[in-house]
Amino acid sequence: MSRKITGATAVAGVAGAPVRHSLSPIIHNAWIAAAEIDAVYVPFAPCGDDFHRFAEGLRGGVIRGLNVTVPFKEAALSVSDDVSERAALAGAVNLLVFDEDGRITGDNVDGLGLLGAFAAQAPDFDPKAGPVVIIGAGGAARGAAAAFIAAGAPEVRIINRTLAKAEIVAGALGRRARAYSLNGAAIAFEEVTAVINATSAGLSQETLDLPLDATPKAAIVMDMTYKPLDTPFLKQAQTLQRRTVDGLEMLIGQAGPSFEAFFGRTPPKSVDVRALCIEALGAKA
Ligand code: ATR
């Protein structure tokens with residue numbers, strides 16, 4: 001497939017470090033081609049990891065917008081002139097929109113991606129039906145917890161290796177959130193409807209050793225990590241006959257609202273971006 005780039009071609013992209021293996025260019029360029037939009041979506045690795053300098057240089061008509069990934073989600077929040085309520089609650093921005101007048105608006109659509117992944121892979125899941133566990137207390141966990149609270153979860157239990165960090169996150173989220181240490185996981189798992197791994201353990205090939213057998217049989221287990229797609233955490237859940245939701249579906253779930261923000265169009269359904277991503281993941285293995 002060859003595409004003509006002209007002076008009129010719109011540009012959007014993803015910024016991260018590393019960004020080389022990002023699947024976002026695969027997803028967005030497939031949608032751009034299928035929707036026949038005059039646009040291109042490119043990866044950026046900001047020089048010297050200086051996200052501020054990089055983003056400042058893009059103000060005013062250079063680019064439609066950016067997805068922002070590790071480790072720049074907090075820097076993206078502080079570079080934004082306006083921040084959505086959900087991004088402020090998450091303490092992180094994963095979507096920047098650059099308007100023609102030079103303003104930068106920060107949003108966080110990871111929560112939409114997370115709920116979208118449940119809707120796609122566990123359609124009967126109801127966030128209002130019972131307590132939900134989030135493992136981790138970094139930006140990803142904060143975003144997930146905020147999304148479940150906004151979706152009406154009666155209780156969000158935050159389990160973290162460093163209890164003090166879980167307490168800070170729970171404190172910021174209000175009376176429906178509670179903090180637990182890893183040792184308290186078996187208690188936190190009682191009566192939950194879903195368990196979400198939002199730690200970065202998988203990125204460093206570390207595995208979480210948690211008593212998933214303490215969850216109810218009907219609990220759904222989700223891992224935000226998608227390399228590999230079947231993480232050790234999801235495999236453990238499958239061995240215990242728990243249903244699972246994967247992180248790739250969340251990535252695709254947050255790409256949809258990003259595409260709409262960049263190009264004002266909903267992503268075309270005619271292209272199977274999940275299959276393209278799985279092919280790319282396989283090719284790298
Ligand atoms: P992100 O912005 O992606 O959420 P982060 O802010 O670095 O990343 O947070 C990473 C989270 O993963 C933290 O909650 C961290 O626990 P600590 O607060 O105790 O550091 C958690 N984490 C990372 N590696 C882990 C491991 N091997 N076991 C358990 N938790 C881990």
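1. Strand β7, helix α6 (residues 139-150) and β8 form a right-handed β-α-β unit. Right-handed here is defined with the strands pointing away from the viewer: the path from the first strand over the helix to the second runs clockwise. Helices (H or I, at least four residues) and strands (E, at least two) are DSSP runs, numbered from the N terminus. From β8 the chain continues through helix α7 (residues 163-173) to β9, again as a right-handed β-α-β crossover.

2. The model is predicted: local features need pLDDT of at least 70 and side-chain atom pairs count only at pLDDT 80 or more, while totals for chains, interfaces and linings use all residues. Residues are numbered from 1 along each chain as its sequence is written, and side-chain values use heavy atoms, with hydrogens and water left out.

3. β8 has a parallel neighbour in β7 (residues 132-135), with four bridges between them, and I135 has I159 of β8 as its bridge partner. Five bridges join β8 to β9 (residues 177-181), also in parallel; here N160 is partnered with S181. Strands count as paired if DSSP finds at least two bridges between them.

4. Five of the five residues of β8 (residues 156-160) are buried, so the strand is largely enclosed by the rest of the structure. Buried means under 20% relative accessible area, exposed over 50%, and partly exposed in between (1.4 Å probe, protein chains only). V156, I158 and N160 point one way, R157 and I159 the other. In a regular strand, side chains alternate between the two faces of the sheet.

5. In α7, the buried residues are A166, V169, A170 and L173. Viewed down the helix axis they fall within an arc of 95°, so they line one face of α7; the arc is that of the directions from the helix axis to the C-beta atoms. Their cover includes α6, β8 and β9, where contact means heavy atoms within 4.5 Å. I168, G171 and A172, on the other side of α7, are exposed. Just after the helix, G174 has a positive phi of about 100°.

6. The ligand is surrounded by 14 residues, the closest being A137, N160, R161, T162 and K165; the criterion is a heavy atom within 4 Å. Polar side-chain atoms lie at these distances from an oxygen atom of the ligand: 2.7 Å for N160, 2.9 Å for R161 and 2.5 Å for T162. N160 is also one of the buried residues of β8.

Conventions
A polar contact is a pair of N or O atoms within 3.5 Å; within protein, one must be able to donate a hydrogen and the other to accept it, and residues adjacent in sequence count only if both atoms are side-chain atoms.
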